[in-house]
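Thanks for coming. Please have a look at it first.

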Amino acid sequence: MVDASKPCLIPAGSGGFGGAYMNYERDSIEDALLPWLAGQSPGTVLDLGCGHGGLGVRMAEEGHRVICWDLQPECVEASQAHFDDRGLSSSFDGMCGTMEDPDCWQRIGRERGLLALTLMRSLIWVPADTAVKVLVHARGKLAADGRVWFVVLGCDAPIVPESHRAVPLRQRFAPISPEAGELINMRQPVTTYSSRELAELFQEAGLTIGEMRTTGYGHHKGWAFADSGAV
Ligand SMILES: C[S@@+](CC[C@H](N)C(=O)[O-])C[C@H]1O[C@@H](n2cnc3c(N)ncnc32)[C@H](O)[C@@H]1O
């Protein structure tokens, strides 16, 4: 039985967020992220909205320390178990809390900054104004050459009804539609973005998108870096 009061974790149909970290598109962002991480000296990576830590484990396997941060304690626990199972306990740090919580951000050290910060299917679960605050925090924690990697559901995705995308961005925090929400177990409020809106949101937070593409499923996938001119 699905708990509709919690952010979506397990879709009702086939596939799975979090646990197996499902790639439902062959040319998924991980195909760019993981090789990029493999080419970096060991550093710290933050997986924000980590689910069950499937991606986190893969990033740790590239030699990095991973902070798995999620709103749901069971996700952080599942991530820890996932790392333990793979013999990667020493690469794991867990953090439980909401992504806009300044206290959580404060607990993340700044010594060398984050090599990467991943926001995989997690940014949509907050309103756009909160998302900007999250990205401002993210920018402040990035290493000079660090990247924010993201997968964000687009407002033009086939599963998103016209009624949702017709709402102005700053008020677009609502369930997508009862039918579509039921189908994929996305019944909680979400904010979806056009690629232009997403680029503007990042820009507002002092981040510039390096690469972004929209997949057939309607996800915007890409990475951004800190705009050196921004405060
Ligand atoms: C759709 S799942 C994606 C999980 C994983 N990143 C993946 O792509 O498989 C969204 C995750 O974001 C987490 N989440 C939702 N809202 C959050 C918030 N405000 N702060 C932190 N995590 C949040 C959920 O608990 C869930 O684990």
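What covers the buried residues of α8? Hold on to that while I give the ground rules. This is a predicted model, where local features need pLDDT of at least 70, side-chain atom pairs count only at pLDDT 80 or more, and totals for chains, interfaces and linings use all residues. Residues are numbered from 1 along each chain as its sequence is written.

Some overall figures. The protein has 8 helices and 7 strands; these are DSSP runs numbered from the N terminus, helices being H or I with at least four residues and strands E with at least two. Of its 231 residues, 42% count as buried. Buried means that 20 or more other C-beta atoms lie within 10 Å of the residue's own, exposed means 12 or fewer, and partly exposed is in between, with C-beta atoms placed from the backbone. Among contacts between residues at least 6 apart in sequence, 64% join residues at least 24 apart. A contact here is two C-beta atoms, placed from the backbone, within 7 Å.

Now the sheet. The 7 strands form an open sheet, in the order β3-β2-β1-β4-β5-β7-β6, with mixed pairing. Two strands pair if DSSP finds at least two bridges between them. β3 (92–96) and β6 (207–214) stand at the edges with a single partner strand each, so one side of each has no neighbour in the sheet. From one strand to the next, the twist averages 15°. Angles are between N-to-C directions and run from 0 to 180 degrees, with axes as lines fitted to C-alpha atoms, for helices over the stretch in contact.

Take β4, residues 114–120. It is mostly covered, with 7 of its 7 residues buried. To β1 (residues 44–48) it is joined by 3 bridges, in parallel. With β5, residues 142–153, it pairs in the parallel sense over 6 bridges. Thr118 can be followed across: its bridge partner is Asp47 on one hand and Trp149 of β5 on the other. Leu117 has Val148 of β5 as its bridge partner.

Helix α5 (residues 128–141) packs on this sheet, touching β4, β5, β6 and β7 (219–226), and its direction makes about 150° with that of β5. β4, α5 and β5 make a right-handed β-α-β unit; right-handed means that, with the strands pointing away from the viewer, the path from the first strand over the helix to the second runs clockwise.

Back to the opening question. Helix α8, residues 195–204, lies across β5, β6 and β7 and runs at about 160° to β6. Leu198, Leu201 and Phe202 in α8 are buried. They cover an arc of only 95° around the axis, which puts them on the same side of α8. The arc is that of the directions from the helix axis to the C-beta atoms. As for the cover over the buried residues of α8, it includes α5, β5, β6 and β7. Just after the helix, Gly206 takes a positive phi of about 80°.

Next to that come β6 and β7, joined by 7 bridges and running antiparallel. Glu211 stands opposite Trp223 of β7. There are 4 residues between the strands in their hairpin, where Gly218 has a positive phi near 105°.

Last, α3. Which of its residues are buried? They are Cys75, Val76, Ala78, Ser79, His82 and Phe83. Their arc around the axis is only 160°, which puts them on the same side of α3. Pro73, Glu74, Asp84 and Asp85 are exposed on the other side. The cover over the buried residues of α3 includes α2 (54–60), β2 (65–70) and β3. The helix itself, residues 73–85, has 13 residues and reaches 18 Å from its first C-alpha to its last, close to the 18 Å expected at 1.5 Å a residue. That expected span is 1.5 Å times one less than the number of residues. Gly87 follows α3 with a positive phi, near 70°.

Gly54 is buried, with 22 other C-beta atoms within 10 Å. Its C-alpha atom is separated by 8.9 Å from that of Phe83, 29 residues apart along the chain.
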